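Notebook open. I am going through one structure and writing down what I look up.

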Amino acid sequence: MIDNLELIGTGFAVVMMVLAAIWGACALVGSFFIRADKAREKAAADAAAKAAATIPASPAAPVAAGVPPHHLAAIAAAVAHTLGAGYRVTHVAAPAHLVSNWPLEGRIETFSSRRIRKDWGPTRPTLGGETPNILRGQKQ
């Protein structure tokens with residue numbers, strides 16, 4: 001009994017040490033990513049300040065019809081975050097959503113494969129004493 005407890009305790013200690021080592025390694029790698037992200041943000045802020053000082057204020061771009069202003073703000077924020085400062089959104093348009101014939105052909109094939117099989121018996125529940133007529137509407 002005591003031998004088993006020693007084995008269990010040793011195994012538990014080893015597992016906890018390995019988990020702590022994995023956590024430490026992940027924290028170390030994460031700190032490098034955080035440091036690199038802060039340096040990139042600082043460089044982007046410096047570039048934005050420099051660009052703002054050199055670019056004169058210009059009138060806002062015309063708002064596209066049908067695009068809500070909060071969508072334009074979100075798009076501009078995404079562009080600024082992704083590409084950095086110095087970019088301007090000049091045109092916003094949704095692509096044309098044309099449906100090809102492939103989905104239609106798939107639906108036609110799916111629905112045509114769902115036919116009633118006459119040799120399997122009733123395909124719907126019967127009500128009370130009703131005898132199912134699975135050949136209804138067909139010549140017998």
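I started with residues 12-34. Their end C-alpha atoms lie 32 Å apart. I read the span as 100% helix and 0% strand. The model is predicted, and I keep that in mind throughout. I then checked the record for this stretch. UniProt lists residues 12-34 as "transmembrane region", in an unreviewed entry.

Next, the overall layout. I counted three helices and zero strands in the protein. From the N terminus on, I get the order α-α-α.

Of the 140 residues in the protein, buried ones make up 3%. The accessible surface comes to about 12,700 Å². Carbon and sulfur atoms hold 67% of that surface.

Salt bridges came next. How many does a search of the whole structure find? I got one salt bridge. The partners are R40 and D37, whose side chains meet at 2.6 Å, N to O. Where do the two sit relative to each other? Both are in helix α1, three residues apart, so about one helical turn separates them. R40 has a relative accessible area of 57%, so I log R40 as exposed, the cut-off being over 50%. D37 has 29%, which makes D37 partly exposed.

I moved on to the second largest pocket. About 240 Å³ of space lies in it. Which elements give two or more residues to its lining? I noted α1 (2-54) and α2 (69-83). The lining residues are D37, R40, E41, A44, A80, H81, T82, L83, G84 and A85. By class, I have four nonpolar, three polar and three charged residues in that lining. Both salt-bridge partners, R40 and D37, are on the lining list as well.

Last, I followed A85, one of the lining residues of the second largest pocket. A47 lies in helix α1. How far apart are the C-alpha atoms of A47 and A85? They are separated by 6.9 Å, while the two residues are 38 residues apart along the chain.

To close, I keep two entries for later. One is the R40 and D37 salt bridge in the predicted model. The other is the 6.9 Å between the C-alpha atoms of A47 and A85.

Conventions:
Residues numbered from 1 in each chain as written. Predicted model: local features only at pLDDT ≥ 70, side-chain atom pairs only at ≥ 80, totals over all residues. Heavy atoms only, no water. Helix = DSSP H or I, 4+ residues; strand = E, 2+ residues; numbered from the N terminus. Buried < 20%, exposed > 50% of the residue type's maximum accessible area, 1.4 Å probe, protein only. Areas by Shrake-Rupley, 256 points an atom, 1.4 Å probe, with all protein chains shown as cover. UniProt positions renumbered as here; feature names shortened; annotations may be inferred. 1 Å grid on protein atoms, 1.4 Å probe; cavity = no way out; pocket = protein on both sides within 12 Å on 5 of 7 lines; lining within 4 Å. Points joined across faces, edges and corners; volume = space filled by probe spheres on them. Nonpolar A, V, L, I, M, F, W, Y, C, P; charged D, E, K, R; others polar. Salt bridge = Lys/Arg side-chain N within 4 Å of Asp/Glu carboxyl O.
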